[in-house]
Amino acid sequence: LDPKLERFRPPKRSTPYVPKNRRELEGVLNRSSETIINDQQKYIVAALLRLDKIRVKDLMIPKSKMALLKEEDKLSMFTLDRLSKSGENIFPVLNKEGQVLGVVHQEDIDIAHVSEDDNISPYLDTKLYFARPDYTVDQILSVFLRTGQGYVLVIDEKMHFVGSVTLARFFSMIFDVVSDDFCEDSDIWAVANRKL
């Protein structure tokens, strides 16, 4: 090419940088400007990159941190107070061998009509769904979708209860979802007129 025409030559296209592995991709993600991708979006992308490594044992609330009931427990004021203070809504009921007989839902207990001598058996929900601690994210999400339930009990290979995982906890831990304090989802007027 004539040197006088060199200035008319189109510029060489540079090859875009392509990360070679997950670590390099996460580095690019972290260095990206807030105008391109915000911190919440970065967290979600990073979480998606790690999904194959996460197991139910990483997401579950372990048995040691849960409010549990025994099959012989009575719904005394002491028991009700303990359950209320736990901040949970679902209470697994265990037999002497550590196996789950069912769960008691806090909303099913009408405190005004509970007697100190009431057994928990009338409140026992025996429709249960289970997962193991080694389930993958895909497997536990499939359980939630198949069952339509918001919680799953986690058991080991000997059928002993080891914890539970809720759909809300699943999403908050995986995607760092900020909880929405709107709680009028059953009020059609409130939903239709909600300011977003």
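This note comments on a pocket, a serine and a helix pair in the predicted model.

1. Basis. The model is predicted: local features need pLDDT of at least 70, side-chain atom pairs count only at pLDDT 80 or more, and totals for chains, interfaces and linings use all residues. Residues are numbered from 1 along each chain as its sequence is written, and side-chain values use heavy atoms, with hydrogens and water left out.

2. Residue S32. S32 lies in the loop between α1 (22–31) and α2 (39–50); helices here are DSSP runs (H or I, at least four residues) and strands likewise (E, at least two), numbered from the N terminus. The S32 side chain reaches the backbone oxygen of V28 at 2.8 Å. Leaving aside neighbours within four places in sequence, S32 is in contact (heavy atoms within 4.5 Å) with I37 and K42.

3. Helices α5 and α6. Helix α5 (residues 137–147) packs with α6 at an angle of about 145°, their axes being 11 Å apart; axes are lines fitted to C-alpha atoms over the stretch in contact, and angles run from 0 to 180 degrees between N-to-C directions. V137, I140, L141 and F144 of α5 meet L167, F170 and I174 of α6. By class, this contact has seven nonpolar, no polar and no charged residues (nonpolar: Ala, Val, Leu, Ile, Met, Phe, Trp, Tyr, Cys and Pro; charged: Asp, Glu, Lys and Arg; polar: the others, Gly among them).

4. Lining of the largest pocket. β3 (90–94), β7 (151–155), β8 (161–166) and α6 (167–175) each supply at least two residues of the lining of the largest pocket (a pocket is an open set of points on a 1 Å grid over the protein atoms alone, where a 1.4 Å probe fits, with protein on both sides within 12 Å along at least five of seven lines; lining residues have an atom within 4 Å of a point). Of its 14 lining residues, E88, N89, I90, Y151 and T166 lie nearest the centre.

Terms used: Polar contact = N/O pair within 3.5 Å; in protein donor to acceptor, adjacent residues only side chain to side chain.
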